[in-house]
Amino acid sequence: MLSLHPAGHRRTRGSNRAPKIGLAIAGGGPIGGMYELGALRALDEALDGLDLTRLDSYVGISSGAFLAAGLANRLDVEEMCRAFITGDSDDLEFRAEDFLRPAYGEYARRIGGLPRLAMDWGRGLLPGASRPALFGGVVPTGVFDNRGVERFLREVFSRRGRSNDFRALDAALHVVAVDLDSGEAALFGSGELADVPISRAVQASAALPGLYPPVRIDGRHYVDGALRRTMHASVLLERDIDLLLGLNPLVPYTDRPAGTTPRRRRRRPLADGGLPAVLSQTFRTLLQSRMQVGLAKYAQQYPDVDQLVFEPGDGASELFFLNAFSFSTRHRVCALGYRQTLDDLRARATELAPLLGAHGIRLRPEILADVDRSLLDGLPPRRTRRTETTARLHRALDDVERLLATPPR
């Protein structure tokens with residue numbers, strides 16, 4: 001489902017100034033991240049003149065923060081698909097088990113604090129003492145250890161010419177988390193948080209409460225950035241961009257497709273899934289509603305910016321029930337994001353053609369005309385392997401090619 005907010009009036013650009021394009025990628029856990037990867041692959045193939053690794057600015061939250069950080073580091077969509085979907089990447093080696101290690105250190109720390117809590121509780125029973133302390137402090141703050149997330153990202157961003165330093169990137173990258181003790185949004189990549197390594201910032205942004213423990217950075221604890229806003233698109237809009245592209249996989253589940261009556265159900269009620277299903281649906285509903293309100297407000301505040309936000313549409317409710325770390329699930333969800341994004345582009349091509357054309361982007365008719373096109377059609381098996389040296393050489397040649405193609409000022 002594409003939310004389209006055309007600019008009321010576009011600012012005049014000089015002939016030598018390229019359009020400034022920003023990309024905002026929301027969270028959504030492993031499932032949401034795979035859906036967004038498929039959507040990015042569709043945009044990469046269907047839009048001529050759009051280089052997702054050469055945009056003006058990026059903002060990412062939770063799983064979207066990894067995708068944004070990868071693109072800002074010029075890790076292209078094809079390579080990420082090879083890492084997470086086909087498994088034939090010579091660059092990224094993804095192992096789901098690294099993200100699912102129990103947080104033994106957190107368990108031990110909490111159990112180790114039990115004697116102190118017991119003493120505090122006992123003192124609280126004395127006459128004139130304050131109320132006894134509760135034993136909530138012994139409950140771990142997360143089920144899984146997210147240090148593996150940081151190690152994986154640190155390794156990825158430390159080779160082949162990439163950087164784990166926000167300040168070393170060509171584009172502006174922002175990763176959003178929430179300061180647990182103040183409830184305020186933390187914008188890694190700018191201000192006092194510019195020197196935090198990208199891998200640590202993404203680890204913090206993806207620290208979903210209950211699943212992963214808060215991430216401690218410089219004495220502060222940070223959790224998932226989606227708790228404040230869904231996409232934080234305003235970070236990009238304030239940079240005077242001309243075109244905003246947004247991805248949000250967090251939409252509510254619906255048991256009836258468009259056109260069916262309210263009484264017709266395809267699945268059993270969500271309440272049968274217990275508290276996790278109810279909380280997930282509540283969280284998704286709040287996030288999407290909040291984002292739609294924000295987009296309408298941004299259209300008024302930034303009338304000279306074209307805004308395109310892609311979300312799962314009808315037929316995507318299966319995302320609610322899938323195993324997040326299954327290989328077959330990753331492929332299935334990524335393919336769904338790819339197919340639905342192409343469907344959106346195809347259905348609204350008449351509206352999109354002049355809007356995108358104003359920013360030097362053209363819809364590829366041969367891609368949109370292929371209604372049976374799949375995610376893997378444009379992703380043949382890799383036949384050659386790159387070494388660290390050849391990868392750096394390819395990156396340098398790409399820089400030279402871009403420099404030569406840039407018109408003189």
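The model is predicted, so local features need pLDDT of at least 70 and side-chain atom pairs count only at pLDDT 80 or more, while totals for chains, interfaces and linings use all residues. Residues are numbered from 1 along each chain as its sequence is written, and side-chain values use heavy atoms, with hydrogens and water left out.

**Overall picture**

The protein has 13 helices and eleven strands; helices (H or I, at least four residues) and strands (E, at least two) are DSSP runs, numbered from the N terminus. Of its 409 residues, 48% are buried. Here buried means under 20% relative accessible area, exposed over 50%, and partly exposed in between (1.4 Å probe, protein chains only). Among contacts (heavy atoms within 4.5 Å) between residues at least 6 apart in sequence, 77% join residues at least 24 apart.

Let's look at helix α2 (residues 63-72) and helix α3 (residues 77-86), whose axes come within 10 Å and cross at roughly 130 degrees. Axes are lines fitted to C-alpha atoms, for helices over the stretch in contact, and angles run from 0 to 180 degrees between N-to-C directions. The two helices are therefore oblique to each other: angles under 35 degrees count as roughly parallel, over 145 as roughly antiparallel, 65 to 115 as roughly perpendicular and the rest as oblique. On the α2 side, Phe 66, Leu 67 and Leu 71 meet Val 77, Met 80 and Phe 84 of α3.

**A helix with two faces**

In helix α11 (residues 349-357), Leu 352, Leu 355 and Leu 356 are buried. Viewed down the axis of α11, these buried residues fall within an arc of 90 degrees, so they line one face of the helix; the arc is that of the directions from the helix axis to the C-beta atoms. Turned away from that buried side are the exposed residues Thr 350 and Pro 354.

**Residues worth a click**

Val 223 belongs to strand β8 (residues 220-224) and is buried, with a relative accessible area of 4%. Its C-alpha atom is separated by 6.3 Å from that of Leu 180, 43 residues apart along the chain.

Most residues other than glycine have a negative phi.
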